[in-house]
Amino acid sequence: MGVKLLLEKANVPGIRSYDVYRREGGYTTAEKALKEMSIEAIVEEVKKSGLRGRGGAGFPAGMKWSFIAKPEGLPRHLVCNADESEPGTFKDRYLMEFLPHLLIEGLLISSFALGSNDTYIYIRGEYAWVATILEEAIAEATKNGFLGKNILGTGFDCRIHVHRGAGAYICGEETALIESLEGKRGNPRIKPPFPAIQGVWMRPTVVNNVETLAAIVPIIKMGGEEYAKIGVGRSTGTKLISACGNINKPGVYEIDMTISVEDFIYSDEYCGGIANGKKLKACIPGGSSVPILPANLLLKTAKGETRYMNYESLSDGGFATGSMMGSGGFIVLDEDQCIVKNTLTLARFYRHESCGQCSPCREGTGWMEKIIQKIELGKGEISDIDLLWDIQRKIEGNTICPLGDAAAWPVAAAIRHFRDEFEWHITNRELSQTSNFGLQHYADPIHVPA
Amino acid sequence: MSLQFNNEQMTELKRLVSRYPEGKQKSALLPVLHLAQDSFGGWLPTEAMDYVAGLLSIEPIEVYEVATFYSMYNLKPVGKFVFEVCQTGPCMISGSDNIIAYIQKQLGIQPGETTKDGVFTLKLVECLGACGYAPMMQVGKVYREHLTKEKVDAIIAEYRMQVIAQN
């Protein structure tokens, strides 16, 4: 069993309620932070912890906090990014649904450290019932003096507001989220200015992911140095992984980032192996936008070393032979899955979610979807593969926000590692409509079911 | 004008607007549009958008551009129950194609259509963050997960019963 810092109490009956959370030691860390620690000391602990943003980009949270501008007379805001929309990712939902008070305690400590008297949780609109759970938890915390005016007699006021989005993946990008919070279309802003200087309502703003803010509680509780001892290298602490696809035990798991990818997929404590006795074909290890890896490159790096579930190891080999930790959305594909079809659904997703502001993304995502659809329907040409490659290359890096990159990478990786499957679809027009390319040489070479 | 919030809905409107700083009432637009859609039969006619613009003291165009951007706002009438079935990667590899085909067959409609009796609408949507519980769909404010053909039948029967009970 690995270390559990976030989900340790997830199975305690009634932990969703204030009373049980408090009885289990909840809000004692907030008391420690607000009563015994200075703002500087809290920020210092977060820096020492090495905590990296858990939304996908992995930017050091303490450093992000230290950028916030503090001009006289201008309110500052903390915004919790709960717009979880990256396909394969459902970890924040789990945290909010089952441990709402852990998030609120993290928000309270973070709001205190950043000087935010009005903190917002921007939650994706579809998580309507989760928004209700959060509102109830906020009401309980307010009733018990952990939110509201003069919290714990410190003179610090804090209100937390739940703001429901309305269906737009792009609002997970922090400047699009801010626009949306202002009641506008979710069009990302050009940076600079960064939100830390001019964010929501042109006020200094920090936007952090749900899991990042929940992790503030164990960091302050145990101290940044102790937290940093868990994990390996720059992958400190624990990470929530939402595992899905063709595995025996889909779900949300907390790992300490020292576990191998092989153990994560095959051990009974985590995914429990590939479902229905099938073989592993491929995996998208960090949410739909990170590169897909064939089984042989997933379990071992190109150098033949064991690959681990952490930021450095998952990206070992760069995009040529590696992938990314991303959001922790771990999508497993078995031998029956068609890479062309899978890539088509992702290309459609990004076309649907492009905000339309930048032409490379607005036009390019639509072109990619059409070309992959053509190949999937058995009407492709061999030259279409190079055309796809060309389009994705011209989207990447040429847009205001990372959605362009996120749309380009899955297509690039699918062609990079599975070009022969695309070719097979094109040269076997009729056969590809009724049967599957299958595994060919992509199978996991280690685990071969009888 | 026929579309108007009742007293309870007006109280909710005030609560929503109070979350944002003075003069920044436009920030309440997304939540208020949810409230309007829930209050006015599950969709947003132009009349409703104009009404919201007036309530928030903003131009109607500011409401239209938002209502057309976000996928949860319905700009056309929908059935009493909207089946929003996820079709993105993780759901697809978990068998959503079969579920979508089965729902189409059972309801006799294509994606984007509403049954003649106005009870069901079928929509295909992108990732709803339930990938570990796939295949799945959203119906109103709840998620229906781990869908199988049997479960789809039971869900359809359940909503039909609700309609009968209300009539």
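Two strands are taken to pair if DSSP finds at least two bridges between them. Helices (H or I, at least four residues) and strands (E, at least two) are DSSP runs, numbered from the N terminus. The model is predicted: local features need pLDDT of at least 70, side-chain atom pairs count only at pLDDT 80 or more, and totals for chains, interfaces and linings use all residues. Residues are numbered from 1 along each chain as its sequence is written, and chains are lettered from A and ligands numbered from 1 in the order in which they are written.

In chain A, an open sheet of five strands has the order 8-7-11-9-10 and mixed pairing. Its edges are strand 8 (251-255) and strand 10 (293-294), each pairing on one side only. Strand 7 (residues 239-245) joins strand 8 through five antiparallel bridges, and A:Ile241 has A:Tyr253 of strand 8 as its bridge partner.

Turning to the interface, 47 residues of chain A are in contact with 36 residues of chain B (C-beta atoms, placed from the backbone, within 7 Å). Helix 15 (339-353) of chain A gives the most to the side of chain A that touches chain B, with seven residues. Among the other elements that each supply at least two residues are strand 7 and strand 11 (329-334) of chain A.

Methods:
Contact = placed C-beta atoms within 7 Å.
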